[in-house]
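Student: I have a structure open and would like to learn how to read its features. Where do we begin?

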Amino acid sequence: MIEQLDYIEALGAGAIWLSPIFPSPSHHGYDATDFYGVEPRLGSPEELRALIDAAHARGIRVIFDYTANHVSQEHPDFQAALRDPQSPTFPWFTFTEYPETYVSFFGVRSLPQLDSDHPEARRAMIAAAAHWLRQGVDGFRLDYTIGPSHAFWVDFRAAMRAIRPDSVMIGEAVDTAEMLHSYVGRLDGCLDFLLLQVIRLFFGFGQMRASQLDTFLSRHLGAFPPDFVMPSFLDNHDMNRFLWIVQGDVRKLKLAALCQYTLPHPPVLYYGTEVGLSQQLDVRHMDGSGHPEESRLPMRWGAAQDADLLGFYRRLGAMRRETAAVWRGRRRAAHIDDAGGHYAYLCEAGGRELLAALNNGPGAGRIPLPEGDWEIAVESEGAALDGGDLLLPAYGGAVLLRR
C-alpha cells in the first residue's frame, strides 16, 4: 500500500479505510486475537506506522475497521474464560451452558460475542481503540454497530474525541432508517446500506423507476441531519460486486458511479471496482452457502486493469474534490422520464450550479437542459450538446456546469 499511495491519491481519495489489521486466524480478520498487534501477513507495526505517516503527508486520513462486538475464539480473554469460570474475563462473555454453549456473532462459534455493558469489557475495547488513535489512526469504521449497546457507543465516542477531537466514527448498521437515526449524536454517521439497495435496484437490476429513485433520495436525504455522515457505496467485501450483478456491463457501473459521486455524502470506492475487478462465482452458491471471498479477489495491476474505467474514476475523483460543496447544497429534480429511464438533478451552492444527467435506459436519450449556458464537465460514455438538449447514449451520463 505504501508503494501504491500515488495510485490512491490519483483517485482523489481523502481517506483509506483498511480492512482489519489485527492478528487473526481467518482471511478476513474480523476475529481478532490481539487488538494491539498487527497481522504478520500484512506487514509489521513499523510498516503500518510508515503507511500512516506517508498517507498523512499527502493529506490522506487512515481509518481502521474495528470490531467491538466479538473476538476470535482464540483470543486470550475468551480462552481464559473457557478454562476457568473464576477468570476475570469470564463475565465478559455470555455462556448459556458452560463451557460448550455461548452467545456468538450470528451463532458462529468461532466468534464469541462480548458483553459491551460489562464495565471491564467495555473499558478493554475502548482502551484498544484509544491506543490506535494515539498511533496516528484518524478514526474507525465500526463493524456490526447494532451489536454493542447505544450506551457503549456514547462512551466510545466520548473517549475517542477526548484523544483526537477530529477523529471520526462511522457505523456499519444494516437496519432500518429508524435504527440509523438512533445513532445521531452517538456516532458521526453510518454507512448508507439503504441507499446501496436503491442504487442497485435502479442501476444494477432495472427494478426501479427514475421517479421512485427521485422520491427515495428526497425523503432519505432529508430524514437525517446534514452533519450525520452517510457514506455511499456500490459494493463491498460482503456482497457481489456491482460489475458482477450487471454481468460485466461497464456502462452501468460508470453510470451508477456518476450518480454516487454527485450525492451529498462521501463516496466509498471498494478496491478494484475502479479497474474492472469482478469475481468468478456468486457469493451465494447453488447449495445456499455463503462465500464472501468471491468478492475479495486480488487487486488487478498493470495491463490487467481497465485503463478507460480507471481514467473515468480518476476524473470523477477530481470532480468530486472540486465540487463536493455543490452536491451538498440545494438540490432539485430537473427532468424525470420513467419510460426512457432518464433522470437529471440540479444542485447549487456558493453561486455554482451543476447538473447530473443519467440515461439508465437501453436506447439513446435526449434530456432537456434548464435555461442557461451549459458545458460538459465529466461524461461516462460520450455526451453531446444539441441546442437546449443533452444527448446521451444508452446507459450514459454526464455532469454539466452552468457557465
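Predicted model: local features only at pLDDT ≥ 70, side-chain atom pairs only at ≥ 80, totals over all residues.

Student: Which residues have a positive phi although they are not glycine?

Tutor: Most residues other than glycine have a negative phi, and most peptide bonds are trans. Here, phenylalanine 106 has a positive phi of about 50° without being a glycine. Tyrosine 144 is another non-glycine residue with a positive phi, of about 45°. Phenylalanine 106 sits in the loop between S4 and H4, while tyrosine 144 belongs to the loop between S5 and H5.

Student: Is phenylalanine 106 buried or exposed?

Tutor: Phenylalanine 106 is exposed, its relative accessible area being 65%.

Student: Where is there a cis peptide bond?

Tutor: Look between tyrosine 98 and proline 99, which are joined by a cis peptide bond with omega of about 0°. Proline 99 lies in the loop that runs between strand S3 (95-97) and strand S4 (101-102).

Student: Now helix H4. What span does H4 reach, and what is expected?

Tutor: H4 covers residues 119-134, 16 residues in total. From first C-alpha to last, H4 reaches 22 Å, close to the 22 Å expected at 1.5 Å a residue.

Student: Which residues of H4 are buried?

Tutor: An α-helix has 3.6 residues a turn, so residues three or four places apart point the same way. In H4 the buried residues include Arg122, Met125, Ala129, Trp132 and Leu133. Among the elements covering the buried residues of H4 are helix H2 (45-57), strand S2 (61-66), strand S5 (139-142) and helix H5 (150-163).

Student: How do the axes of H7 and H8 cross?

Tutor: The axes of helix H7 (residues 193-204) and helix H8 (residues 210-222) come within 10 Å and cross at roughly 170°. H7 and H8 are therefore roughly antiparallel to each other. Their crossing is left-handed. On the H7 side, the contact involves residues including Leu194, Val198 and Phe203; on the H8 side, residues including Leu213, Phe216 and His220.

Student: Which residues have the most contacts inside the largest nonpolar core?

Tutor: In soluble globular proteins, nonpolar side chains tend to be buried together. The largest nonpolar core here has 93 residues, and Phe64, Tyr66, Phe140, Phe156 and Phe203 have the most contacts inside it. Another core, of 11 residues, lies apart from that one and includes Ala344, Leu369, Trp374 and Leu390.

Student: What does phenylalanine 140 touch?

Tutor: Leaving out residues up to four places away in sequence, phenylalanine 140 touches Ile63, Phe64, Trp132, Leu133 and Met160, among others.

Key: Residues numbered from 1 in each chain as written. Heavy atoms only, no water. Core = buried A, V, L, I, M, F, W, Y, C linked by side-chain atoms within 4.5 Å. Buried < 20%, exposed > 50% of the residue type's maximum accessible area, 1.4 Å probe, protein only. Contact = heavy atoms within 4.5 Å. Helix = DSSP H or I, 4+ residues; strand = E, 2+ residues; numbered from the N terminus. Expected span 1.5 Å × (residues − 1). Axes fitted to C-alpha atoms, helices over the stretch in contact; angles between N-to-C directions. Parallel < 35°, antiparallel > 145°, perpendicular 65-115°, else oblique. Left-handed = near helix turned anticlockwise from the far one by under 90°.
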